Structures are given as C-alpha cells and as structure tokens.
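Dear colleague,

Please find the structure below, followed by an account of what was found in it. I would be grateful if you would read the two side by side.

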Amino acid sequence: MDLAGFLITLGVLFLAGLAADEFGRVTRFPRVTLLLLLGLAAGNAGLGLIPEGVAAWFDALSIIALTMVSFLLGGSISHGNLMRHGRAILAISLAIVAFTILLVTAGLTAVGMDPGLALLLGAVATATAPAAMTDVIRQSGVENGFTDTLKAIVAIDDAWGLIVFSVALVLAGHSDGWMGVLSGTFHELGGAVALGIGIGIPAAFLTGRLKPGEPMQAEAIGIVFLTAGIALWSEVSFLIAGMTAGAIIANFARHHDRAFHEIEHIQWPFMILFFLLAGASLEFDALRMLGLTGAMFVVLRILGRLAGGIVGARLGGTPCKEVLWYGPALLPQAGVAVGMALVAGERFPQWETAIMAYTITSTVIFEILGPPVTLLAIRRVSRKPSDHP
C-alpha cells in the first residue's frame, strides 16, 4: 500500500470510530459491538473495503492495545480494592472458570464428543475479552464495587484460564506429559510475572517525577511498548506482564495522583483500530458450521458463566443485587480463546478443524452479543431503587 492509501485508510478508520463512539453515546449501545459490526461490514466477510495491507496491522495493534488494557486492569488490583473486594474477586473468578470447564466438558461428552476434545473446548471456553470488558465499563461511566470487582476478575481471569488450559492439554493426551506442559506454563506465567515486577518496580518510583503527580505521555507509551516487546522476545504472556506491572505501579507509586492517566488518554485511538480490524477479521462462514453440537457449546458456556457467577458471588459475600449479574457481565470472549485454540490445534492436529470452528463461532457470537449484556448488567446493578418502574 502506498503512503497516500495508508493515510487515507487511517483517517477513515479513525473517523468511523468517532462516529461509532457518538452513536453509542446517543443510543447507549456498546461502542465495542458497533465497531466490531462496522469492521465486519467493511472486512472480507462484508464489502471488502479494508485493504489487505491494513488488515496486516492487526497482530501488532492487538498486542499494543491489549498491553494497555492489561496495565489498566492491573491497576484495579490495588491494596484498597483487594481489601474491599478480595474475597469476591477470588471466589467469583475461580467459580466461573470451574463451572465453565465442567459444564462444557460434561455436556459435550454426554452428546458423544471425544472426552479429550470436549475437555480442550471447555478450557478454551474459560477465556474472556479484557479489551471489550474494559471499554464497556469505561463507556458505562459507572464506578462502584461491582465494576471494581469486574475489572479485577478480568485481570486475573487469563491467569486461571492459562493454568486450566495447560492442565487440559495434559489430560487430553499431550505427548510431553505433565512436566513438559507444566514447565512451559511456569515459563509463560512465572516469566511474565517476573517481567512485570522488573518493569513495574522502577516505573513505580521513576515515572511521574518530571511532571509531578502524573506520568508523561512518553513515559506511558515507553513502558507499554517496552513491556510488550520484552514479553514477545522472551515468549511470555504480555497480558500477565502488563497486568503485573500495572498492579505494582498502582500499589507502590505513592507520588502519583493518577498513575494511569496518560495510558487512559492515549488508549482509545488504538482501541478504535483494534476493534475495527478485529471485526474485519471475523468470518461469518464459521456460523454455518455451528450445528447442534456447536449451539450446545455456546449454551453450555453461557450456563457455566451464569452458574459460576451466582455461586462465586454468594461465596464471596457480594450484595444481593449483584449476585445474578456477574455471570452475564463476563460473557464476552475474544482473542485469548483463539490463541488457546491455535495452541490446542497444533498439539492435536486430528482435532484442529473442530477446535477452530467451535472457537471462532463462539467468538463471533460472544464478541458481538457479549458487550451489550455486560453493559446491561452494569446498569441493572447500578440502578437505584427509585429508578425501578
């Protein structure tokens, strides 16, 4: 693509994102879903308006955008938030992961699917969509115990999901056995945590000194890019690394008024491109492969989130009005699930087609329909008694 086409495409995408943002503000519809639908319409599954050269940016943009998201989510794991909601965060996150994998695995096995394949799909179903969740919470404008708990759950959800997925690989018959998978998981998780600490500690004490009270924009961009780059180079999870660094900065940067102000400020342009290109990469052809078993996979994941959310919320001692809404709020699913599916497909080539078909199908459904349900959950929990008809 020549420079003129590159700049024109960028301009159109940013303006389209602005239009979606304003439309969402007027209609109170999640802008995440609007951007995904807009990208879907403009992509190969629709009108084919997005050049291939632009679509090639998606991998790099997704890493940058998701690293920013992970920093912001890590900031929700502050000492104060854990003191207020730590029990609920732990109980709900674990219960949702447990119920999701158990219901999906048992349900698919009951209808005749190979138990190993069913277990892998159950593990994939545990993943959520941190970027979509974060943006819906931001768009809602609600800051309360429910949204604080949601952000912290999403922050640690990928860690639980990765652990469960690694165990599922072993139980499904992975050739390297327990030691091979566990050592790989330890490297990816442990290495990411170590990287986050290694960047987070100096950043906590050094950022925000040049302009007292707030990190400067160059500092924020530098930390995000450095974290993402080193994580990719060392082959560890950039999501966990960013989350760890964000948590370290939030808890130890006492001289900051708003430790993540500049990341919040620059995040949205990246998110516009991320969601538009994510929508353009969706393939509705996967829905044709859905079938009865595929529909069961989607329904079982929903039931797992709902049941896990209720049980976890009760164990976590959350207010009664929140109990029913954690499961629905955590329905969105995106790139983390696809990443798990790609790994599972490489390890089990005999199931690769089925794993990718189920995962892509559920991703299309949950990435488009999940954010509106999340927004509904936030509004219902935040509604005052006097607001009810």
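Exposed stands for over 50% relative accessible area, buried for under 20%, and partly exposed for what lies in between (1.4 Å probe, protein chains only). Helices (H or I, at least four residues) and strands (E, at least two) are DSSP runs, numbered from the N terminus.

Before going further, please note that this is a predicted model, in which local features need pLDDT of at least 70 and side-chain atom pairs count only at pLDDT 80 or more, while totals for chains, interfaces and linings use all residues. Residues are numbered from 1 along each chain as its sequence is written, and side-chain values use heavy atoms, with hydrogens and water left out.

Helix H10

The buried residues of H10 are Glu219, Ala220, Ile223, Val224, Thr227, Ala228 and Ala231. They lie on the same side of H10, because the arc they cover around the axis is only 155°, taken from the directions from the helix axis to the C-beta atoms. In general, an α-helix has 3.6 residues a turn, so residues three or four places apart point the same way.

The length of H10 agrees with expectation: its 18 residues should span 26 Å at 1.5 Å a residue, and its end C-alpha atoms are 26 Å apart. The expected span is 1.5 Å times one less than the number of residues.

Isoleucine 230 belongs to H10, which comprises residues 217–234. Isoleucine 230 is partly exposed, its relative accessible area being 30%. Leaving aside residues up to four places away in sequence, isoleucine 230 touches Leu195 and Ile199, where contact means heavy atoms within 4.5 Å. Glutamate 235 follows H10 and has a positive phi, near 60°.

Helix H6

H6 (residues 115–124) is mostly covered, with nine of its ten residues buried. Among them are Gly116, Leu117 and Val124. At the start of H6, a side-chain oxygen of aspartate 114 comes to within 2.8 Å of the backbone nitrogen of glycine 116.

Aromatic rings

Three aromatic pairs are found in a search of the whole structure. Rings of Phe, Tyr and Trp (its six-membered ring) pair if their centres lie within 6.5 Å; planes under 30 degrees apart count as stacked, over 60 as edge-to-face and the rest as tilted.

One of the pairs joins phenylalanine 146 and tyrosine 326, which is tilted because the planes stand at 50°, with the centres 4.7 Å apart. This pair links distant parts of the chain, 180 residues apart: phenylalanine 146 is in H8 (residues 145–171) and tyrosine 326 in H15 (residues 326–329). Phenylalanine 146 is buried at a relative accessible area of 0%, and tyrosine 326 is buried at 0%.

Phenylalanine 297 and tyrosine 358 make an edge-to-face pair, 5.9 Å centre to centre with 65° between the planes. Phenylalanine 297 lies in H14 (residues 291–315) and tyrosine 358 in H17 (residues 352–382), so the pair ties together parts 61 residues apart in sequence. Both phenylalanine 297 and tyrosine 358 are buried.

The charged end of arginine 301 sits over the ring of phenylalanine 366, 4.5 Å from its centre; this requires NZ of Lys or CZ of Arg within 6 Å of the ring centre and within 35 degrees of the ring normal.

The whole protein

The secondary structure comes to 17 helices and zero strands. Of the 389 residues, 55% count as buried.

With kind regards

How values were computed
Polar contact = N/O pair within 3.5 Å; in protein donor to acceptor, adjacent residues only side chain to side chain.
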